[in-house]
Amino acid sequence: MKRKITMASLLLLVIFFCSACGMAQADRLTTEESGQPSAAANAANQPEQGEEQSTADLPKMKKDGTFQMILKHDIQNYQITFMDITTGEQVCYEYTDGTEFFDKYGNYTLREDFSEGKLAVIERLNSNDTLGAIAFTDQTWDYEDVSNYVITAEKSRMDIADTAYQFAENAKAFSEGEEKELYTIGENDILNVYGIDRTIYAVVVTTGHGTLALTNTELFEGGWVNLGTKVYAKITKDLTLELPEGVYDFSVANDGYGDSGEVRIRRDLVTTIDLNDYKGEGPKMCKVTFDVGVAGAILTVNGKEVNHKKPLELRYGVYKLGVYAQGYDPWTRQLVVNSPKAKIEILLTNDTQAQEGTETKEDEKYEADRSEPSTSRTKRGKAGTKAGTRAGSYTDGNSSSESNDSNSADSALANAALGSSLANIITGGESTDYLDTLSDLVDSLDRLDRSRNRSNESENAGD
């Protein structure tokens, strides 16, 4: 009897052992055939509560997951602060040299590309809550260097060109890496804009604005101040102007008094100029030479005919010029006199030349294209000028071209940022009707270009 019990027990053990082996073999075959672990294997491999999970075991987030706005990227300390655009929750993550950064095409990119305001997704977190991978996606859009826009704060709306967008409830604005209020964005700032569909989530100011304040204006009130080659403003008591950041040539003139210099407008700051420093010894005079390219043309200054074949002495100030010739449209400009000497070249175009532009001399076409603002040339289609914004001034070598490369670059940026809307606000829409006798730098550059062109033409002809 004992033998039978022993044999039965051994038989049960053999059956149990064989069943276990069969299950293991089935799990192995399932994994090999499908490439995926079986349910039993998954259950066996699940970490127990409190056990740390490896990076490889974490599921990879899809790119259509939660979008994160980058609020701050501290590159030096390897930290990025995100905001969930849906919930508004903010989290700061650290990352390592092993963290992967991807562009919207899935290619590796630089971590510096992940700057404030941009939208991204966190693709992977490491087991220690550091960033494993972060990526841009093609579901978001970004517009860079936007200048043609209108912000309507009360409607939370922004029109870019001809398209209307809505600001998200938690939309952010950034300037120089820091958050700022949306309503503080100037209408002439240059922006990068980030969004999804028709919703804007972030605006980044790339070129901001500052304020120019004039003090001790009494002597110059009623006169004019100009900055660069585009902004002219009539001086009133304690005048203030909002201007794009950058470096400007600055000059004032009124009733024989005035001077020029350079001013730097800094973002979100007020720059103050005391006009007592610009009085100089008055009254000052400017010797202006006019070159009118049409025989028999009549030149008027403040409505009075003058002999334009001889240099004309004018006190510092603002004058209205007019040129009239049979067969040509009248040509009128405001002249701001603020330098000791100036030469103004005026080119008129008649109907025949306008219709047969291909027969115009190449040098004359170059002059008109380079010097005359497009808004002025197209007013009537028949009048042009070589003066434009570069009425040449030969002022004893005291040219703004002596400024360093950095200032020149800043000046170019500032002038580029001065759109017609800003100039129209300041001058009542007449900014392109002004000539400035201090535009010697632009004139010199034009002369240099023409000289080079002639040299190249001579060399080509010789070949």
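These legends accompany close-up views of a predicted model. Local features are described where pLDDT is at least 70, side-chain atom pairs count only at pLDDT 80 or more, and totals for chains, interfaces and linings use all residues. Residues are numbered from 1 along each chain as its sequence is written, and side-chain values use heavy atoms, with hydrogens and water left out.

**View 1. Lys180 and Asp268 form a salt bridge.** A salt bridge here is a side-chain nitrogen of Lys or Arg within 4 Å of a carboxyl oxygen of Asp or Glu. In this pair the closest N and O atoms are 3.7 Å apart. Lys180 belongs to strand S10 (residues 178–180), while Asp268 sits in the loop between strand S18 (257–265) and strand S19 (270–274), so the contact ties together parts 88 residues apart in sequence. Strands (E, at least two residues) and helices (H or I, at least four) are DSSP runs, numbered from the N terminus. Lys180 is buried at 17% relative accessibility, and Asp268 is partly exposed at 46%. Buried means under 20% relative accessible area, exposed over 50%, and partly exposed in between (1.4 Å probe, protein chains only). Searching the whole structure gives 9 salt bridges.

**View 2. Lys237 meets Glu218 in a salt bridge.** The N to O distance is 3.8 Å. Lys237 lies in the loop between strand S15 (231–234) and strand S16 (240–244), and Glu218 in the loop between strand S13 (209–215) and strand S14 (224–227), so this pair links parts that are 19 residues apart in sequence. Both Lys237 and Glu218 are exposed.

**View 3. Arg315 and Asp255 are joined by a salt bridge.** Here N and O are 3.0 Å apart. Arg315 is in strand S23 (residues 312–315) and Asp255 in the loop between strand S17 (246–254) and S18, so parts 60 residues apart in sequence are tied together. Arg315 is partly exposed, with a relative accessible area of 32%.

**View 4. Ser156 has a positive phi.** Most residues other than glycine have a negative phi. For Ser156, the value is near 50 degrees. You can find Ser156 in the loop between strand S7 (149–152) and strand S8 (157–160). Its relative accessible area of 34% makes Ser156 partly exposed.

**View 5. Asn216 also has a positive phi, although it is not a glycine.** The angle is about 50 degrees. Look for Asn216 in the loop between S13 and S14. At 30% relative accessibility, Asn216 is partly exposed.
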